[in-house]
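I wanted to look up the aromatic pairs first, then the cores and the surface.

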Amino acid sequence: MRKLLLLIPLLAMAGCGHDARPSSSAAAKATATPTADPLAAYSEGVRKYYVGAQLDAADDPNADAEVKYFQPPMPAETTAGDAITLTGSNIGVRLRVTVSGVRTVRAGGKPYTAVDVRLKNDGITVYQGVLQNVVLTRADGKTSGVAKASAACSNGFDGDFYLDVGRSRRGCLLFLADGDPTRLQLALETVPAEAGGIWDLTRG
């Protein structure tokens, strides 16, 4: 009789049909929860170019080199006086770029805007190239690329140059003077300018 009384509540519990596993709808909701976009703070140009970039690989010594050197500008944007780390289109290319100031110079009777820049090679290979994927924006919204007027800027970056690993170099980029400069965007090698780092020239 005792066995029968114990068996009845056990059968009743089994008949409730309770399943400890989550329902299919609950599982679907959990799966559908979107992950945070690591490039959300970046410009549209950076987000398009660096699709699939793994930001946590930048400081990982065990990361695959191809992943480690496919990184968006870090940080995304800063002010004059501060640095942004940029990678290039070739594996191993990485420069720490500091925009140190903006001034006006003259060459051939024309005024130019000179943006002073300091480069440090933080990569694992020699950098060789020209800083040509650069855009200067002015207060009225006008933009321009680098001007070819090396004589107006000592140690200019408008020509081909080398920078060994661990070495630094100072120079400047020239632009035709046409209004107050407000922003500089710069990228390395064949990375498009719109995927480069951004410096706010109105502050700093």
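I started with Y127, which is buried at 1% relative accessibility. A reminder to myself that this is a predicted model.

F161 is buried too, with a relative accessible area of 4%. I checked the rings of Y127 and F161: their centres are 5.5 Å apart and the planes sit at 40°, so I logged the pair as tilted. Y127 is in strand β5 (residues 127-129) and F161 in strand β8, 34 residues apart, so this pair links distant parts of the chain.

Next I counted aromatic pairs and got 5. In the pair Y49 and Y50, ring centres lie 4.8 Å apart with planes at 75°, so that one is edge-to-face. Y50 is buried at 2% relative accessibility, while Y49 is partly exposed at 29%. Together with F70, Y49 and Y50 form one aromatic cluster.

Then the cores. The largest nonpolar core has 25 residues, and L119, L131, L173, L184 and W199 touch the most other members. Elements giving two or more residues to this core include β3 (94-107), β4 (110-121) and β9. I also found a second, separate core of 9 residues, Y42, V46, Y50 and A187 among them.

I looked up what L119 touches beyond four places in sequence: its contacts include L95, V97, L131, F157, F161 and L163, but also R96, R167 and R169.

Last, the surface. V126, Y162 and V165 make a nonpolar patch of about 280 Å². V165 lies in the loop between β8 (161-163) and β9 (168-176), and counts as partly exposed at 42% relative accessibility.

Notes. Residues are numbered from 1 along each chain as its sequence is written. This is a predicted model: local features need pLDDT of at least 70, side-chain atom pairs count only at pLDDT 80 or more; totals for chains, interfaces and linings use all residues. Side-chain values use heavy atoms; hydrogens and water are left out. Patches are made of residues with over 30% relative accessible area and no salt bridge: like charges are joined within 9 Å, nonpolar side chains (Val, Leu, Ile, Met, Phe, Trp, Tyr) within 5 Å. Accessible areas come from the Shrake-Rupley method with a 1.4 Å probe; for residues, only the protein chains shown count as cover. A salt bridge is a side-chain nitrogen of Lys or Arg within 4 Å of a carboxyl oxygen of Asp or Glu. Helices (H or I, at least four residues) and strands (E, at least two) are DSSP runs, numbered from the N terminus. Buried means under 20% relative accessible area, exposed over 50%, partly exposed in between (1.4 Å probe, protein chains only). A nonpolar core is a set of buried Ala, Val, Leu, Ile, Met, Phe, Trp, Tyr and Cys residues joined through side-chain atoms within 4.5 Å. Contact means heavy atoms within 4.5 Å. Rings of Phe, Tyr and Trp (its six-membered ring) pair if their centres lie within 6.5 Å; planes under 30 degrees apart count as stacked, over 60 as edge-to-face and the rest as tilted.
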